[in-house]
Amino acid sequence: MFYAINKKRALIIIVLALFIISTPFIGGGIVNTVSKNNRSLPIYSVDTKENKIAISFDCAWGTDYTDKLLEVFDRENIKVTFFMVEFWAKKHPDLVKKISDKGHEIGTHSSTHSYMSKMSEENIVKELNSSSKEIESVTGKKIDLFRAPYGDYNNRLIDTAKSLGFYTIQWDVDSLDWKNLSSDEIFNRVVKKVKKGSIVLFHNNGLHTLEAVEKIIPYLKKEYSFSTIGELIYRENYFVNSNGVQIKK
């Protein structure tokens, strides 16, 4: 009986020891490095002690409000990140250059705005290379940020993008401006969800996005500073935990 109890206790100790050894600790807390399904993940937000956030705009259709948005950013003296689809960039090269010349950051949002998780690795490579080259030909600046259309991804997409030198960016605060919410609804959604290291998603041609952003930026500036996504994220020595938070090793 004594032998059986000791054997069971020893087994428990061994299991606990293996768990502790295999689990990374960050700042004294346990952090999972992979999702439950062992999926490769994009960066949803960044673990930072600084009161920094980044706002981003996906550009796929229309330009009705883009110049006015740029005026707001000038007035508030902030820089943001735009993710552009290739066909949008081809149609509006003057606006692409204007955005870049004003110091805003540009990433690719694919070539055709398709569900890229359904693509072969070969087609993913074509989408990323073609779209980034189109934008780079206008701005003269290298692109290394990518946002998947519809926020749709799988391991193949994330891993292929990484192999090409792209950081895949998601978001942790969704304005839902594409649903044509009122400016007050957008405002309330965003300001309630933002925290240190947040990445906020807007669309450049949302019906009430401009009106909402005009209120959101001054409100958030009371507590946060704004940076581009490229300035917010870590470029090396990091991992992304199961919640999509990028953490410095």
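Contact here means heavy atoms within 4.5 Å. The model is predicted.

Q: What do the buried residues of helix 5 pack against?
A: By that contact criterion, the buried residues of helix 5 pack against strand 5 (81-84), helix 3 (86-91), helix 4 (93-101), strand 6 (105-108), strand 7 (145-146) and helix 6 (155-163).

Q: Which residues of helix 5 are buried, and why are they said to be on the same side?
A: The buried residues of helix 5 are Ile124, Glu127, Leu128, Ser131, Ser132, Ile135 and Thr139. Around the axis they cover an arc of only 100°, which places them on the same side of helix 5. In general, an α-helix has 3.6 residues a turn, so residues three or four places apart point the same way.

Q: What does the face of helix 5 turned away from its buried side carry?
A: That face carries Glu122, Lys133 and Ser137, which are exposed; the label requires a relative accessible area over 50%.

Q: How do you know that the span of helix 5 agrees with its number of residues?
A: Helix 5 has 19 residues (residues 121-139), and at 1.5 Å a residue they should span 27 Å. The expected span takes one less than the number of residues. The end C-alpha atoms of helix 5 are 27 Å apart, so the two values agree.

Q: Which residue follows helix 5, and what is its phi?
A: Gly140 follows helix 5, and its phi is positive, near 75°.

Q: Why is helix 5 called oblique to helix 6?
A: The two helices pack at an angle of about 50°, and their axes are 10 Å apart. That angle makes helix 5 oblique to helix 6, because roughly parallel needs an angle under 35 degrees and roughly perpendicular needs 65 to 115. The crossing of helix 5 past helix 6 is right-handed. Where they meet, Glu121, Ile124, Val125 and Leu128 in helix 5 face Arg156, Leu157, Thr160 and Ala161 in helix 6 by contact.

Q: What makes the buried residues of helix 7 line one face?
A: In helix 7 (residues 183-193), the buried residues are Ser183, Ile186, Phe187, Val190 and Val191. Seen down the axis of helix 7, they fall within an arc of 110°, so they line one face of the helix. Their cover includes strand 9 (173-174), strand 10 (199-203) and helix 8 (209-220).

Q: Why is Thr66 called buried?
A: Buried means under 20% relative accessible area, and Thr66 has 0%, so Thr66 is buried. Thr66 is in helix 2 (residues 66-76). Leaving aside residues up to four places away in sequence, Thr66 touches Leu95, Ile99 and Asn204.

Q: Is Ile229 buried or exposed, and how do you know?
A: The relative accessible area of Ile229 is 0%, so Ile229 is buried. Ile229 is in helix 9 (residues 229-232). Not counting residues up to four places away in sequence, Ile229 touches residues including Ala54, Phe83, Leu145 and Ile199. The C-alpha atoms of Ile229 and Ser198 are separated by 9.6 Å, while the two residues are 31 residues apart along the chain.

Methods: Residues are numbered from 1 along each chain as its sequence is written. This is a predicted model: local features need pLDDT of at least 70, side-chain atom pairs count only at pLDDT 80 or more; totals for chains, interfaces and linings use all residues. Side-chain values use heavy atoms; hydrogens and water are left out. Helices (H or I, at least four residues) and strands (E, at least two) are DSSP runs, numbered from the N terminus. Buried means under 20% relative accessible area, exposed over 50%, partly exposed in between (1.4 Å probe, protein chains only). The arc is that of the directions from the helix axis to the C-beta atoms. Axes are lines fitted to C-alpha atoms, for helices over the stretch in contact, and angles run from 0 to 180 degrees between N-to-C directions. Angles under 35 degrees count as roughly parallel, over 145 as roughly antiparallel, 65 to 115 as roughly perpendicular and the rest as oblique. A crossing is left-handed if the near helix is turned anticlockwise from the far one by less than a right angle, and right-handed if clockwise.
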